[in-house]
Amino acid sequence: MAKRIVITSGDVNGIGLRCLARALTQQHFEAEISLAISPSVLKYALNVYDLPGSVDDSVWTLHNQSVSIVPLTQTCSITPGIPDPDVSRHAIASLECAITHTVTGDYDAVVTLPINKHALTSVGWPYAGQTEMLGTYSNGEPLMVLCTHDVRVALTTVHVPLRDVSNLITSELVQRRTQQLIQHLRDRIGIADPSIAILAVNPHAGDDGVIGDEDTRIVAPAIATMQQQGLKVSGPHPADGFFAFGAYTNYDGILAMYHDQGLIPLKLLAKGAGVNVTAGLSIIRTSPDHGTAYDRALSSDIDSSSTELAIEMAIGRG
């Protein structure tokens with residue numbers, strides 16, 4: 001069970017710090033929590049966003065929780081709701097600091113607050129997303145798993161154009177992703193013999209080749225191989241009916257073929273409380289799934305439930 005948690009600053013022009021502050025005031029977490037951020041940026045954020053508590057160079061003191069500051073030398077100003085190059089550089093510095101310290105064992109888990117991927121890549125960040133950066137820094141093959149307390153959806157392909165999905169999916173990849181998901185459910189969730197549903201690539205699972213042959217040619221043979229190995233896997237399931245008629249409730253984990261196929265229904269089911277968990281790494285990483293939400297940077301209409309659950313899952317209670 002993780003006890004020392006480091007949290008990244010994310011894009012400080014978005015809602016991440018506000019959601020974090022609300023989570024920390026609404027709940028006391030049984031963990032030593034640190035935040036990788038420039039102390040001057042955090043002090044500025046308290047004023048701009050009217051965040052609770054007080055801050056010095058080493059501690060952010062709130063009513064329910066004291067948060068240790070892991071200081072960054074990179075600084076930035078805060079302009080709520082607007083992408084900014086210096087804010088992006090600060091977010092990168094926070095990620096580098098937090099991930100590196102977690103990989104070396106200074107922390108038991110890292111929680112990453114949301115970033116603007118385009119803003120970061122515009123200042124030279126070479127990754128498609130934070131998940132890919134974690135894979136590089138930890139020398140692992142990351143598996144993105146979006147989850148609630150009860151529903152867990154993993155992705156075969158992640159941040160790739162839809163036109164490339166069919167060419168990227170192979171029987172070997174489907175088997176590897178399924179094995180990663182099973183291992184995650186066993187090791188991190190404590191499910192000894194998890195059942196996995198594998199979604200189809202095409203509508204109606206291809207209708208016997210009428211709407212594409214990937215499901216009969218690639219996915220079904222992969223499932224048959226894993227079943228012969230004694231794994232509790234089934235499919236390929238047409239994704240629409242699988243979610244619409246509640247079949248998802250019968251499985252411990254679900255493997256989707258591409259990003260939106262799995263994450264649209266998961267986020268609808270989560271009702272704002274979904275968490276991105278990265279499996280397949282030597283470290284524990286979680287992240288709220290709400291994004292920077294620039295349009296709500298100063299709005300009273302924000303929901304911290306995803307951040308709360310991300311911290312809980314990092315600790316090991318989710």
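**Exercise 1.** At what angle do helix α1 (residues 16–26) and helix α11 (residues 305–315) pack, and how far apart are their axes?

*Solution.* The model is predicted, with local features needing pLDDT of at least 70 and side-chain atom pairs counting only at pLDDT 80 or more, while totals for chains, interfaces and linings use all residues. Residues are numbered from 1 along each chain as its sequence is written, and side-chain values use heavy atoms, without hydrogens and water.

Step 1: α1 and α11 pack at an angle of about 65°, and their axes lie 8 Å apart, where axes are lines fitted to C-alpha atoms over the stretch in contact and angles run from 0 to 180 degrees between N-to-C directions. Step 2: α1 is therefore roughly perpendicular to α11, a term covering 65 to 115 degrees.

Step 3: the contact (heavy atoms within 4.5 Å) is made by Cys 19, Leu 20, Ala 23 and Gln 26 of α1 together with Thr 307, Glu 308 and Ile 311 of α11.

**Exercise 2.** Is Gln 183 buried, partly exposed or exposed?

*Solution.* Step 1: locate Gln 183, which is found in helix α7 (residues 171–189). Step 2: its relative accessibility is 41%, so Gln 183 counts as partly exposed, since buried means under 20% relative accessible area, exposed over 50%, and partly exposed in between, with a 1.4 Å probe and protein chains only. Step 3: Gln 183 and Asp 193 are 10 residues apart in sequence, and their C-alpha atoms are 9.8 Å apart in space.

**Exercise 3.** What percentage of the 318 residues of the chain count as buried?

*Solution.* By the cut-off already stated, 55% of the 318 residues count as buried.

Methods
Helix = DSSP H or I, 4+ residues; strand = E, 2+ residues; numbered from the N terminus. Parallel < 35°, antiparallel > 145°, perpendicular 65-115°, else oblique.
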